[in-house]
Amino acid sequence: MIRITYSRDQQPLAERIRDDLSDRVLQPAPFLIVLVSRHSNADPHVQAEIEKAMAKSLPVLPILSEDVALPAALAEDLALDFSGGYDRDRLLRRLARLTGTQKDVRRANRRALVTIGGIAALMFGIALIAIASGLVAFPVAEYNEEATFQAQWIGGLIGQTLERVQPRSTEDALHFPATHEAAPTRLYHYIRETATALPKAGGR
């Protein structure tokens with residue numbers, strides 16, 4: 001949708017531009033045309049429209065209807081100078097160029113997205129093939145070293161705790177409860193079903 005913002009004194013020019021563009025689909029995305037004059041530069045509504053378009057990163061085409069300076073937010077190289085008279089063909093050519101530029105940007109973005117997606121899929125496929133063929137192996141030695149460290153750490157933790165409660169004689173062992181009952185609750189996960197009580201006399 002092409003929107004035109006202008007001050008009240010520029011209404012005839014705005015209506016003429018709107019009529020010339022009414023039968024053309026030049027820009028499917030939002031697009032702002034700003035009619036620049038002394039009055040529009042001082043018009044809060046026009047300046048608010050420019051700021052809103054800039055905040056949304058919308059394309060903006062400034063058209064000079066008088067020989068005045070452009071607002072600072074507008075790009076001078078995109079401006080059309082109609083201070084000497086309106087030129088319909090120049091307007092249509094400029095809009096066609098800007099429209100084509102926007103379409104080219106969208107096409108380039110789509111191509112980039114497809115390319116990145118293709119590269120990611122290719123790398124994933126190569127990784128799967130490399131693992132399946134044995135070219136890439138998991139670091140077994142590192143895993144074993146980590147497992148050994150964890151076993152030693154758990155053993156030290158449990159051993160220090162059970163040192164205080166384990167039986168010191170056959171008589172103690174005969175009346176020693178299951179290890180997981182004698183140990184603190186926080187160690188159940190490690191020592192469940194690892195009771196160390198000796199069988200009672202006569203049960204051999």
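**Before you start**

Residues are numbered from 1 along each chain as its sequence is written. In this predicted model, local features need pLDDT of at least 70 and side-chain atom pairs count only at pLDDT 80 or more, while totals for chains, interfaces and linings use all residues; side-chain values use heavy atoms, with hydrogens and water left out.

**Stop 1: helix α1**

Select residues 11-21, which form helix α1. Helices are DSSP runs of H or I with at least four residues, strands are runs of E with at least two, and both are numbered from the N terminus.

Now colour Leu13, Ala14, Ile17, Asp20 and Leu21, the buried residues of α1. Buried means under 20% relative accessible area, exposed means over 50%, and partly exposed lies in between (1.4 Å probe, protein chains only). Why do they sit on the same side of α1? They cover an arc of only 125 degrees around the axis. That arc is taken from the directions that run from the helix axis to the C-beta atoms. An α-helix has 3.6 residues a turn, so residues three or four places apart point the same way.

Turn to the face of α1 that looks away from the buried side. Pro12 and Asp19 are the exposed residues there.

**Stop 2**

The whole structure holds 4 salt bridges. A salt bridge here is a side-chain nitrogen of Lys or Arg within 4 Å of a carboxyl oxygen of Asp or Glu.

Select Arg3 and Glu49. Their closest N and O atoms are 2.9 Å apart, in a salt bridge. Arg3 belongs to strand β1 (residues 2-5) and Glu49 to helix α3 (residues 44-55), so the pair ties together parts 46 residues apart in sequence. Arg3 is partly exposed at 40% relative accessible area. Glu49 is buried at 10%.

**Stop 3: Arg38 and Glu66**

Next, select Arg38 and Glu66. This salt bridge has its closest N and O atoms 3.3 Å apart. Arg38 is in helix α2 (residues 38-41), and Glu66 is in the loop between β3 (60-64) and β4 (80-81), so parts 28 residues apart in sequence are tied together. Arg38 is exposed, at 56% relative accessible area. Glu66 counts as buried, at 19%.

**Stop 4: a network**

Finish at Arg88 and Asp89, whose side chains meet in a salt bridge (3.8 Å, N to O). Arg88 is partly exposed at 31%, and Asp89 is partly exposed at 44%. Salt bridges with shared partners join Asp20, Arg88 and Asp89 into one network. Asp20 is also among the buried residues of α1.
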